[in-house]
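Welcome! Please take a look at the sequence and the structure, and then we will walk through some of the features together.

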Amino acid sequence: MKLTLEGIKNTKEWNDKGITLPSYDIEKVAKCTKDNPVWVHFGVGNIFRMFIGGLADTLLEKGLTDKGITCVESFDFDVADMIYKPYNNLVLGVTLNADGSTAKHVIGSLSEIVKADSSQADEWSRLEKIFENPGLQMVSFTITEKGYALKGADGSYFPFILKDLEAGPQKPGCAMTAVTALLLHRFNTNKAPIAVVSMDNCSHNGEKLKASITTVAAEWHARGFVDDAFVEYVNDESRVSFPWSMIDKITPRPAASVCEELKKLGVEDMDPVVTSRRTYIAPFVNAEGPQYLVIEDTFPNGRPPLEKAGVYFTDRETVNKVERMKVTTCLNPLHTALAVYGCVLGYTLIADEMKDADLNKLVHQIGPVEGMPVVTDPGIISPKAFVDEVINVRIPNPFMPDTPQRIATDTSQKVGIRYGETIKSYVQKYGDAKKLKAIPLAIAGWCRYILGVDDNNKPFELSSDPMLEELQQMVKGIVVGKPETYTGQLKPLLSNAAIFGIDLYKAGIGDTVEALFKQLIAGPGAVRSTLHSCIQ
């Protein structure tokens with residue numbers, strides 16, 4: 001059983017093994033897509049293949065379209081050569097259900113793979129041909145938040161960006177300059193409208209994408225590469241729109257257990273590969289079942305009927321509310337609490353933490369109890385139903401290979417949104433945040449995590465964080481088992497509104513966090529005893 005167009009012709013064998021195959025003609029769809037592309041996507045990794053590709057697959061199965069997606073890779077060209085081409089662009093999607101069962105289906109909607117490599121004439125000319133098609137409706141992205149960044153922390157352009165700005169649109173080397181160059185080609189050939197849609201998991205993603213594209217255009221204009229009319233084109237949302245979106249589907253790296261299951265069924269060549277750019281990817285994608293995609297409905301050239309595949313289309317304000325609901329109340333704050341306490345308590349799987357009565361109660365307190373009184377209700381999705389699914393289905397799923405160590409990454413960049421927004425809402429509603437008990441405990445847990453020793457007083461490796469060195473300097477001299485070594489070292493951190501979005505002392509909970517922290521460092525076992533006594 002090979003995952004190729006030839007290999008899936010023996011449909012009975014695949015169906016007998018419980019693997020669903022496309023009912024549509026994959027080759028016919030590919031031809032229609034190449035002849036008249038309507039949807040191009042940059043960033044062809046796991047969440048795209050399983051979630052976005054799955055949406056197109058659903059429309060094809062329902063007979064609501066006859067075209068798939070044109071897939072473009074702009075960062076790691078090995079993915080195209082190692083994962084797409086050998087498998088005729090097919091993907092084996094594996095849904096990991098909470099009861100331990102899996103649902104397996106082959107996705108055939110990824111109709112073409114192209115490298116955004118301007119040094120390869122054939123690849124680049126193909127992209128230009130695609131973009132000059134007036135029927136092209138949208139370009140979407142899952143390139144991660146850093147894929148949109150043009151400048152470093154010091155405010156200056158990254159060297160590779162500056163090189164592209166100074167060289168002009170002829171030989172772009174990264175995603176943002178490549179897309180701007182392709183939009184320029186579209187403008188020069190037909191000036192047709194188009195939607196440019198970020199589907200990345202970051203706040204105000206459409207705003208970030210628009211800022212990058214219009215900045216590149218402005219810099220090229222300043223250097224004489226493009227005229228006023230092109231700058232006006234990319235800034236006119238009636239012709240080039242940048243819809244905001246919110247995406248949510250936990251898609252971990254390929255699991256060894258899934259690979260073995262597929263091999264036992266007789267599916268060949270399923271082993272993951274590591275590319276030269278350190279992408280860990282496999283011919284299959286494993287992910288949870290629940291998924292959400294909410295998109296601002298501004299598509300000046302039309303769009304596929306994705307609402308028939310479960311996508312929510314709405315206005316920008318509602319997209320922002322859904323994002324806020326998820327990030328500040330219903331999912332991300334719970335994940336962060338599990339991450340920092342999980343590391344300190346020796347857990348290596350998020351799902352296992354939900355079997356821990358204290359940690360389970362903690363996330364119930366943070367979300368349904370403390371978050372709900374100030375939650376942003378977007379109207380189209382129930383916050384209560386969303387958080388119930390997160391706590392009772394998604395996080396406890398024992399077959400999702402997600403770790404607290406991964407989620408603890410970059411926590412300093414997250415606490416301001418994940419906890420600070422709720423704290424500010426309490427201050428606005430009640431005058432202070434003293435009603436909060438679980439959120440201060442979560443923040444104290446993060447401070448305890450920064451010490452880098454577990455509840456048995458053994459060192460562990462902290463996850464990467466841009467403030468890690470600075471944070472470790474702040475807690476220098478604090479010794480677990482010697483609470484007297486705490487002499488107020490956390491005050492500069494807890495009063496830092498740039499980190500938390502508000503001075504925690506002005507919110508009325510800074511002293512609470514300090515007191516909890518002192519309990520957490522009392523000695524070996526103090527994390528467990530403090531957590532238990534406070535939460536139960």
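Leaving out residues up to four places away in sequence, Trp 446 touches Val 340, Thr 411, Ser 412, Val 415, Leu 471, Leu 493, Ile 499 and Phe 500; contact here means heavy atoms within 4.5 Å.

Before we go on, please note that this is a predicted model, in which local features need pLDDT of at least 70, side-chain atom pairs count only at pLDDT 80 or more, and totals for chains, interfaces and linings use all residues. Residues are numbered from 1 along each chain as its sequence is written, and side-chain values use heavy atoms, with hydrogens and water left out.

Buried means under 20% relative accessible area, exposed over 50%, and partly exposed in between (1.4 Å probe, protein chains only).

## Helix H18

H18 covers residues 438-450. Helices (H or I, at least four residues) and strands (E, at least two) are DSSP runs numbered from the N terminus. Because 13 of the 13 residues of H18 are buried, this helix is largely enclosed by the rest of the structure. Just after H18 comes Gly 452, with a positive phi of about 75°.

## An open sheet and a nearby loop

Turn now to the sheet: four strands form an open one in the order S1-S5-S4-S13, with mixed pairing. Two strands pair if DSSP finds at least two bridges between them. S1 and S13 are the edge strands, each pairing on one side only. Between S1 and S5 the pairing is parallel, over two bridges, and Ile 19 stands opposite Lys 104 in S5.

Pro 22 sits in the loop between strand S1 and helix H2. Pro 22 counts as buried because its relative accessibility is 14%. Although Pro 22 and Glu 61 are 39 residues apart in sequence, their C-alpha atoms are 7.2 Å apart in space.

## Cysteines

How many disulfides does the count come to? The count is zero, where a disulfide is a pair of cysteine sulfur atoms within 2.5 Å. For Cys 32, the nearest cysteine sulfur is that of Cys 71, 16 Å away. Cys 32 is partly exposed, at 24% relative accessible area, whereas Cys 259 is buried, at 4%.

Technical notes: The expected span of a helix is 1.5 Å times one less than its number of residues.
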